[in-house]
Amino acid sequence: MASSGTSGGGGSPGSPCGACKFLRRKCAAECVFAPHFCAEDGAAQFAAIHKVFGASNAAKLLQQVPPADRSEAAATVTYEAQARLRDPIYGCVAHIFALQQQVASLQMQVLQAKAQVAQTMAAAGPQGTNPLLQRWPLEPESLSTQSSGCYSDMYCGFGDQEEGSYTR
């Protein structure tokens with residue numbers, strides 16, 4: 001936590017943290033933002049939070065989180081605010097879907113590579129049989145291209161689209 005006389009935001013004693021610098025106010029010793037938004041680049045990070053959520057809502061959110069988890073909460077709120085500014089409709093969900101599609105595509109590539117190796121080994125005959133290949137799953141049913149952890153049904157229609165092509 002911040003000690004009296006310093007902001008705890010990484011600056012010199014008496015300098016405001018990044019959030020207070022952005023809000024143009026004096027940084028109090030008990031400032032909830034000071035440990036998480038340094039004086040140097042914290043103002044730029046906090047600008048996104050302020051624009052998307054508001055300073056008061058962000059302060060309330062951080063105060064409700066246990067002190068041990070506040071740093072992670074501040075980083076998460078910062079990431080979500082920046083993602084929401086880049087994509088006002090989907091926010092970070094668009095990035096999650098893109099990553100899910102990439103994982104599904106890579107899983108299919110691995111499955112195809114395993115099948116190709118198995119075919120090559122089978123064509124080589126019994127002398128080329130590798131015991132490791134016998135344990136690999138070669139069933140396409142073992143992989144799913146659709147994520148089961150969707151936020152709601154309205155977001156689940158992206159599995160059939162190409163990577164990065166989201167319709168809005």
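This is a predicted model: local features need pLDDT of at least 70, side-chain atom pairs count only at pLDDT 80 or more; totals for chains, interfaces and linings use all residues.
**Ground rules.** I number residues from 1 along each chain as its sequence is written, and side-chain values use heavy atoms, without hydrogens or water. Local features need pLDDT of at least 70 and side-chain atom pairs pLDDT 80 or more, while totals for chains, interfaces and linings use all residues.

**Fold.** I looked up the elements, taken as DSSP runs (helices H or I, at least four residues; strands E, at least two) and numbered from the N terminus. The chain has six helices and zero strands. I then checked burial, meaning under 20% relative accessible area with a 1.4 Å probe, protein chains only. Of the 168 residues, 31% are buried.

**Helix α4.** I found 17 residues in α4, spanning 24 Å from first C-alpha to last. That is close to the 24 Å expected at 1.5 Å a residue, where the expected span is 1.5 Å times one less than the number of residues. Its buried residues include R70, A74, V77 and E80. The buried residues of α4 pack against α2 (42-52), α3 and α5 (92-124); contact here means heavy atoms within 4.5 Å.

**Cavity.** I searched a 1 Å grid over the protein atoms alone for points where a 1.4 Å probe fits but cannot get out; lining residues have an atom within 4 Å of a point. Points join across faces, edges and corners, and volume is the space filled by probe spheres set on them. I got one cavity of 30 Å³ or more. The largest cavity has about 40 Å³. F33, F37, I49, A58, L61, L62, A74 and V77 line the largest cavity. α3 gives the most to this lining, with three residues.

Terms used: On a 1 Å grid over the protein atoms alone, a cavity is a set of points where a 1.4 Å probe fits but cannot get out, and a pocket is an open set with protein on both sides within 12 Å along at least five of seven lines; lining residues have an atom within 4 Å of a point. Buried means under 20% relative accessible area, exposed over 50%, partly exposed in between (1.4 Å probe, protein chains only).
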